[in-house]
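Reader: Can you put the structure up? I have a few questions about packing and contacts.

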Amino acid sequence: MRLLHILADSVVDGPGLRTVIFFAGCPHHCAGCHNPDSWAVEGGEDYSLQHVVEQIRQIGSHRVTISGGEPFLQQEALYELINALTGYDIYLFTGYRLEQLLDDALARRILSRVDGLIDGRYIKTLHDYSLSIRGSTNQRILNKKQLQSFFG
Ligand code: SF4
């Protein structure tokens, strides 16, 4: 998988102390993006699944956030990573709205396995400093129960 980096001990990417996996590549190009260096698909470096999982284990937290970039650009790698992290509390960021992903079978399998989803593009005019985890008010933080309600 193509990643920008792996960050230990984040307190801003979901509840608790989390390990954050930053996927490379983002098609959304939001104005005011906090990390435009993440846009290039060929950016970052290739990591094996085994290496990423081992690094997560060594860091030690059982809370993992997958961010980017846009993780759904590398859907197969994202699915393999989430499958390898059974038992972990997983939060996932995407610039897509959840409803845009529901028609895709693999995306649905990914979404059914995460514990929290932050969805939607960052919209600068909707930026709100009082928010936590997300940057603009259009973005949603959906917990597992809320996510399940979309699957019927
Ligand atoms: S989705 Fe996130 S990483 Fe992609 S352009 Fe928007 S703010 Fe930046």
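Author: What follows covers a helix pair and one arginine in a predicted model.

Reader: Start with the helices. At what angle do α2 and α4 pack?

Author: Helix α2 (residues 75–84) packs against helix α4 (residues 105–113) at about 30°, and their axes are 10 Å apart. That angle makes α2 roughly parallel to α4, because angles under 35 degrees count as roughly parallel.

Reader: Is the crossing of α2 and α4 left-handed or right-handed?

Author: The α2 and α4 crossing is left-handed.

Reader: Which residues meet there?

Author: From α2, Q75, E76, L78, Y79, I82 and N83 take part. On the α4 side they meet L106, A107, R109, I110 and R113.

Reader: How many of the residues in that contact are nonpolar, polar and charged?

Author: The contact of α2 with α4 has six nonpolar residues, two polar and three charged.

Reader: Different topic. Where is R140?

Author: R140 lies in strand β7, which covers residues 140–143.

Reader: Buried or exposed?

Author: R140 has a relative accessibility of 19%, so it counts as buried; the cut-off for buried is under 20%.

Terms used. Residues are numbered from 1 along each chain as its sequence is written. This is a predicted model: local features need pLDDT of at least 70, side-chain atom pairs count only at pLDDT 80 or more; totals for chains, interfaces and linings use all residues. Side-chain values use heavy atoms; hydrogens and water are left out. Axes are lines fitted to C-alpha atoms, for helices over the stretch in contact, and angles run from 0 to 180 degrees between N-to-C directions. Helices (H or I, at least four residues) and strands (E, at least two) are DSSP runs, numbered from the N terminus. Angles under 35 degrees count as roughly parallel, over 145 as roughly antiparallel, 65 to 115 as roughly perpendicular and the rest as oblique. A crossing is left-handed if the near helix is turned anticlockwise from the far one by less than a right angle, and right-handed if clockwise. Contact means heavy atoms within 4.5 Å. Ala, Val, Leu, Ile, Met, Phe, Trp, Tyr, Cys and Pro count as nonpolar, Asp, Glu, Lys and Arg as charged, and the others, Gly among them, as polar. Buried means under 20% relative accessible area, exposed over 50%, partly exposed in between (1.4 Å probe, protein chains only).
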